Amino acid sequence: DEEIICTASSDQFRAPRVSNGLKIRLKHKPRIDILFSKENVQEGNNLEAVCKAKAYPMNMVYKWYINDVEIVGENNEVLKMENIQRKNDQMEIKCTAKNRS
């Protein structure tokens, strides 16, 4: 958020004139961090991943990927995975977020 103020001065008036402030907010694409409920997961445990995205506007659409394959239907900020198996070892979890139109 930024506030812009305009100031004008002239020989025609004694004191400078200052406008009312105008607040502007620039739209920007999301900046993303993923937070995990656990650092190390044992076989059979559950895991939650939270896609922390900062953007303006705040209303965003999320997508989740495991090993670069989209998990269809998962479009919330939180990905919940239950009963993690050995085959999930070293999997790569990613999320994307974009501003809604």
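Is R86 buried or exposed? Keep in mind that this is a predicted model. With a relative accessible area of 64%, R86 is exposed. R86 also pairs up with E43 in a salt bridge, where the closest N and O atoms sit 3.4 Å apart. R86 is in the loop between β9 and β10, while E43 is in the loop between β5 and β6, so this pair ties together parts 43 residues apart in sequence. E43 itself is partly exposed, at 48% relative accessibility.

That bridge is one of four in the structure. Another joins K52 to E77, with 4.0 Å between the closest N and O atoms. Here strand β6 is linked to the loop between β8 and β9, so parts 25 residues apart in sequence are tied together. K52 is partly exposed at 40%, and E77 is partly exposed at 32%. Then there's E92 with K94, whose closest N and O atoms are 3.9 Å apart. Through shared partners, salt bridges join D68, E92 and K94 into one network.

Now for the inside. The largest nonpolar core has 15 residues, and those with the most contacts inside it are M60, Y62, W64, L79, M81 and I93. Strands β6, β7, β9 and β10 each supply at least two of the core's residues, with β6 giving the most, five.

Take a look at Y62 before you go: leaving aside residues up to four places away in sequence, Y62 touches C51, A53, E74, N75, N76, E77, T96 and A97. Among those is E77, the salt-bridge partner of K52.

Technical notes:
Residues numbered from 1 in each chain as written. Predicted model: local features only at pLDDT ≥ 70, side-chain atom pairs only at ≥ 80, totals over all residues. Heavy atoms only, no water. Core = buried A, V, L, I, M, F, W, Y, C linked by side-chain atoms within 4.5 Å. Buried < 20%, exposed > 50% of the residue type's maximum accessible area, 1.4 Å probe, protein only. Helix = DSSP H or I, 4+ residues; strand = E, 2+ residues; numbered from the N terminus. Contact = heavy atoms within 4.5 Å. Salt bridge = Lys/Arg side-chain N within 4 Å of Asp/Glu carboxyl O.
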